[in-house]
Amino acid sequence: MNHSRLTAQRLAALFLLGCALFNYPLLALFNRAAEIFGIPLLYAFLFGSWLVLILLMALAIERRED
Amino acid sequence: MLQQGWVIVLVSFAYLGVLFAIAYQADRRADSGRSLIAHPTVYALSLAVYCTTWTFYGSVGRAAATGIGFLPIYLGPTLMLALGWFVLHKIVRVAKANRITSIADFVASRYGKSQLLGGLVTVIAVVGVVPYIALQLKAVSSSFAILTGYPEIVMPARAGAAPLLQDSALYVAIILAAFTILFGTRHLDATERHEGMVAAIAFESVVKLVAFFAVGLYVTYGIYDGFGDIFDRAQEVPKLAKLMVTADTAASYGSWAALTFLSMLSVLLLPRQFQIAVVENVNEAHVRRAVWLFPLYLFLINIFVLPIAIGGLLHFQGGGVDADTFVLTLPMAHQQEALTLLVFIGGLSAATGMVIVETIALSTMVCNDLVMPVLLRWRALRLHERQDLSGLLLEIRRWAIAVILMLGYLYFRLAGEAYALVSIGLISFAAVAQFAPAVIGGLYWKGGTREGALAGLLGGFLVWCYTLLLPSFAKSGWLPEQFMTQGLFGVELLRPQQLFGLTGLDEISHCLFWSLFVNLAAYLGVSLLRAPDAREARQASLFVDAPRQRGELAGWRGGVRVADLLPMAGRFLGPERAREAFERHARSRGFAGLDALPADAELVHFAESLLAGAIGSASARVMVASVVQEEPLGLDEVMNILDEASQIRAYSREVEQKSRELERATAELREANERLRELDRMKDDFISTVTHELRTPLTSIRAFSEMLHEDPKIELAERSRFLGIIVGETERLSRLINQILDLAKLESGRAEWTSTEVDLAEVVRESAASMTQVFRDKGVTLDLDLPPGAVVVLADRDRLVQVVINLLSNAVKFAPAGRGRVAAAVAVDRGLAQVTVADNGPGIHASEHERIFEKFRQGGQDVLTDKPQGTGLGLPISRQIVEYFGGRLWVESEAGKGARFKFTLPLQDTR
């Protein structure tokens, strides 16, 4: 019970994080004509943070024991 | 090879055949209990039915136009899946507990199983999803047309330009309809689950991902030299460099947020997503894997969108090639036959997956929530008497699938050309977003009512029609241009895409704002007009408190038999299937078989949810109610339902019960008090009457005594007359007192009775004899009519004499002097001895017949001058005596015709 409540809270926190990452004003911060490792900054930021978010979600929900 | 149309057709059919084989295999495995889809990865993959040709072809088109603008459609679902642990998990649990079979069923069930609501959701879903289906038809038919041009790259002719019978989209629609009908409506499942379909959809998700990935890899690493190379080249072209950033304006960010929000809702509320994620879910634990695997799938299928878009824009710089087709035309342009074919198959799988699940979900809704409720109510069809309706249900679904696909084709002909793929899809997204307040609100808020949900859905849907659907027709020229530019009836404020002058938003954000604003306002506003009724409160508690619900079935009362429920379920599911389900239910509850199964609330709930699978919960409720004589919910049950949620309510119910008991006690006390007061008043009356009766003779005795005392010179004759009066009054006084005492004894039950066998004739004869002098004095004749033998009753002899003398003296009192006649008779009639005393006096008016038996009520007193001749207690006493011995005393008389007093007593058996 305790564990699943913790999972739920972690996921809720990740949801809020995602809402912040994928919206103005953080989005505007990276909305510049620049590149990082040859990839436009905005794309790198969005895909990068998206992947990190998915990994964190996987981590939060698949961790069996604390 | 590819330019041969038949090759493509053959490959397409071969692919559909593979799908069919997978579905068939999965269904067989499911029947033998080794489910192919009972795996969280399969569940997550099947969720990817979200990715249609919109994703497969349309994303690249969108990216070519707006750069990153295609992405919110996939970020939204990622965010929603993060909430999936709460929202999706809860919906799955609620849906399983209530056997929900579609989103229409979900909404209808949540708001008190309202058929109207289910029908409305169905209509919105069908109308809203039609553009989405048109999108698939457009993508498949145009990809087919382009493919047949191989190796030339020729854009297909305008939709609607080709004659109807040469329009490949029509054939695509017909083939998809036929395939879906074969695929999805082979048999009827009570839970509306289609294991075969889910397996096929998961397979298709793999195919489309592989195909898209292959193109992406080929373009990125085959044509170009990796991501860096592509982006570098794009930077060199000013038009493409602009795609690397998005417009830095409030409107742009607002539209970004709106699309994210819209796709968040859609991944949950699209009928096919609901079908796959909720209805087809085999195990709620599968949601766990999907939370990250499904977003990962979305991530993977989007990685190569931009490289392909840029590659396409670089390659086809002259234009003339629709960016929506880059996925297909890039490999074509490089003569990659196999890859081109793989892409076509990938697109086909994206389209078929969507169309299959969507139309099956919609056909279930149309059948269960729209057609069946109407047919069941249509008495002339006599559906209630049909034995097996499962064939009819399948027939309705097949027609629904065909009609929906034809509607999609119609929309494609009417409006398909004015929009890119993604824009068509967004119209549908905005439509299903209208379900959000009713579904999500209903999941977390108990206050929503049926009217509120109806008002919200209807309002939102109408605004959607006005601001998005109608403009899509206007843009295709099917509605006058003025409608768009000048508003309805030329009223500028009513311009559909600048409603009330709201500008600065793109059409989707504009529609989303107004429709959800109206929707939410109506949902909340109307819901708050009244408190939920008993049924709504029960359903609300089932939905909102889902994780805490445990088995307990409250709120149902009624009389029902297993023998009623089973045939009814059999009519919809087929008799054998129903019987199996009932037996399984019996075993699961630990009973030996059907015969041992008690017809209780749980069974009714089971039957209802079983039926809900076949015909929807609202119809199922009507059917079960037709068999179960459901009693209305009593106050207690209602309280029960309301109380399930919280301890506080339970406590307040206890308080309420206590106060009810208190009220009842108070009422009893008040009544007792009233009775006491009445008795008190009667006692007062009695005393004042008695006092009055005693005073009358006393006054007269006193008056005459004083006259004798004060005037010694009174003549002897006068004196002796006075003394006579005094003696008479004294006698009357003592008689009165005796009778009062007698009556008091009788009434308090302290009288001494001796019951012996008494000859009634003898009693009358004796009483008459003792009265002879009285009769003679007044000159009244007395006739006796007595039977020869004894008439034996069980009574107190002296008391009977008292009664008869009382009746005789009354008779002689009222008989006219000199010519009066009194007759006393004893007779036997039907086991009763009857004594009659009749006179020829003035008689008694009918209104007085009962009153003369009241205490101190004297006959013949209506003439004021009449001196009272008796005590007014004789008849009441007589009646008490007769009734004590089990008899009756009454009078029969008419004014002017004499009176007949009669009493009866039960005869004593003299054997």
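This report describes selected features of a predicted model with chains A and B.

## Basis of the model

Residues are numbered from 1 along each chain as its sequence is written, and chains are lettered from A and ligands numbered from 1 in the order in which they are written. Because the model is predicted, local features need pLDDT of at least 70 and side-chain atom pairs count only at pLDDT 80 or more, while totals for chains, interfaces and linings use all residues.

## Chain B as a whole

Chain B contains 34 helices and nine strands; helices (H or I, at least four residues) and strands (E, at least two) are DSSP runs, numbered from the N terminus. Of its 911 residues, 46% count as buried. A residue is buried if 20 or more other C-beta atoms lie within 10 Å of its own, exposed if 12 or fewer, and partly exposed in between, with C-beta atoms placed from the backbone.

Among contacts in chain B between residues at least 6 apart in sequence, 81% join residues at least 24 apart. Two residues are in contact if their C-beta atoms, placed from the backbone, lie within 7 Å.

## Contact between the chains

Chain A contributes 29 residues to the contact and chain B contributes 27 residues. On the side of chain A that touches chain B, α1, α2, β2 (39-40) and α3 (41-62) each supply at least two residues. The most comes from α3(A), with ten residues.

By class, this side of chain A has 22 nonpolar, five polar and two charged residues. Here Ala, Val, Leu, Ile, Met, Phe, Trp, Tyr, Cys and Pro count as nonpolar, Asp, Glu, Lys and Arg as charged, and the others, Gly among them, as polar.

## Helices α9 and α15 of chain B

The axes of helix α9 (residues 195-223) and helix α15 (residues 305-315) of chain B come within 9 Å and cross at roughly 55°. Axes are lines fitted to C-alpha atoms, for helices over the stretch in contact, and angles run from 0 to 180 degrees between N-to-C directions. The two helices, α9(B) and α15(B), are therefore oblique to each other; angles under 35 degrees count as roughly parallel, over 145 as roughly antiparallel, 65 to 115 as roughly perpendicular and the rest as oblique.

Val215(B), Gly216(B), Val219(B), Thr220(B) and Ile223(B) of α9(B) meet Pro307(B), Ile308(B) and Gly311(B) of α15(B). This contact has five nonpolar, three polar and no charged residues. Tyr224(B) lies in the loop between α9 and α10 (226-236) of chain B and, with 19 C-beta neighbours inside 10 Å, counts as partly exposed. The C-alpha atoms of Tyr224(B) and Pro307(B) are separated by 9.3 Å, although these residues are 83 apart along the chain.

## A strand pair in chain B

Strand β3 (residues 756-759) of chain B runs antiparallel to β5(B), and four bridges join them; two strands pair if DSSP finds at least two bridges between them. Asp759(B) has Val792(B) in β5(B) as its bridge partner. In β5 (residues 792-795) of chain B, Val793(B) and Ala795(B) form the covered face, whereas Val792(B) and Leu794(B) form the uncovered one.

## Backbone exceptions

Most residues other than glycine have a negative phi, and most peptide bonds are trans. A cis peptide bond joins Tyr24(A) and Pro25(A), with omega about 10°. Pro25(A) is placed in the loop between α1 (2-21) and α2 (26-30) of chain A.

Gln335(B) has a positive phi, near 55°, and Arg830(B) has one near 50°. Gln335(B) counts as exposed, with 10 C-beta neighbours inside 10 Å. Arg830(B) sits in the loop between β6 (821-829) and β7 (832-839) of chain B and, with 7 such neighbours, also counts as exposed.
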